[in-house]
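Visitor: I am new to this structure and would like to know how its descriptions are decided. Please show it, and I will ask as we go.

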Amino acid sequence: MESIWSQIGDYGSSYGAFSPCNRFADHPPVVVSKEGAFYGYLTIDRFKDKAVTAQAVLSWLETVCNR
């Protein structure tokens with residue numbers, strides 16, 4: 001159950017502390033390049049500092065979180 005595709009796991013539920021689908025997650029996943037460069041936090045929380053803002057990514061994430 002260690003996947004954002006699992007609605008009942010820590011990483012995919014709307015209540016998981018590590019889930020991008022939890023607007024209040026303390027530790028959402030981060031997006032990094034192959035070289036390890038930080039791009040931003042993967043979260044539906046539009047107010048989180050340093051969150052990913054690419055609209056294509058956010059649209060995809062909304063689809064994942066609203067399944």
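Visitor: Where does Phe 18 lie, and why is Phe 18 called partly exposed?

Guide: Phe 18 lies in the segment before strand E1. Its relative accessibility is 33%. Buried means under 20% relative accessible area, exposed over 50%, and partly exposed in between, with a 1.4 Å probe and protein chains only. The value of 33% falls in between, so Phe 18 counts as partly exposed. The model is a predicted one, in which local features need pLDDT of at least 70 and side-chain atom pairs pLDDT 80 or more, while totals for chains, interfaces and linings use all residues. Residues are numbered from 1 along each chain as its sequence is written, and side-chain values use heavy atoms, without hydrogens and water.

Visitor: How far apart are Phe 18 and Pro 29 in sequence and in space?

Guide: Phe 18 and Pro 29 are eleven residues apart in sequence and 6.4 Å apart in space, C-alpha to C-alpha. Pro 29 is also in the segment before E1, and with 25% relative accessibility Pro 29 counts as partly exposed. From Pro 29 to Arg 46 there are 17 residues in sequence and 14 Å in space, again C-alpha to C-alpha.

Visitor: What makes Tyr 15 exposed?

Guide: The relative accessibility of Tyr 15 is 74%, so Tyr 15 counts as exposed. Tyr 15, too, is found in the segment before E1. Its C-alpha atom is separated by 7.5 Å from that of Ala 25, ten residues apart along the chain.

Visitor: What makes residues 30-32 a strand?

Guide: Residues 30-32 form strand E1, and Val 30 is found there. Strands (E, at least two residues) and helices (H or I, at least four) are DSSP runs, numbered from the N terminus.

Visitor: Which residues make the nonpolar surface patch?

Guide: Val 30, Val 32 and Phe 38 make the patch, of about 250 Å². Patch residues have over 30% relative accessible area and no salt bridge; like charges are joined within 9 Å, and nonpolar side chains (Val, Leu, Ile, Met, Phe, Trp, Tyr) within 5 Å. The areas come from the Shrake-Rupley method with a 1.4 Å probe, and for residues only the protein chains shown count as cover. Val 30 has a relative accessible area of 43%, and Phe 38 has 41%.

Visitor: Why is the pair of Phe 38 and Tyr 41 called edge-to-face?

Guide: Rings of Phe, Tyr and Trp (its six-membered ring) pair if their centres lie within 6.5 Å; planes under 30 degrees apart count as stacked, over 60 as edge-to-face and the rest as tilted. The centres of Phe 38 and Tyr 41 are 5.4 Å apart and the planes are at 75 degrees, so the pair is edge-to-face. The structure holds one aromatic pair.

Visitor: How do you know that the charged end of Lys 48 sits over the ring of Tyr 41?

Guide: The rule asks for NZ of Lys or CZ of Arg within 6 Å of the ring centre and within 35 degrees of the ring normal. The charged end of Lys 48 is 4.7 Å from the centre of the Tyr 41 ring.

Visitor: Why do Glu 62 and Arg 46 count as a salt bridge?

Guide: A salt bridge is a side-chain nitrogen of Lys or Arg within 4 Å of a carboxyl oxygen of Asp or Glu. Glu 62 and Arg 46 meet at 3.8 Å, N to O. Glu 62 lies in helix H1 and Arg 46 in the loop between E2 and H1, so the pair ties together parts that are 16 residues apart in sequence. By this rule the count comes to one salt bridge.

Visitor: Which residues of helix H1 are buried, and how are they placed around the axis?

Guide: In H1, residues 55-65, the buried ones are Leu 58, Leu 61, Val 64 and Cys 65. Seen down the axis, they fall within an arc of 115 degrees, so they line one face of the helix. The arc is that of the directions from the helix axis to the C-beta atoms. Ala 56 and Thr 63, on the other side of H1, are exposed.
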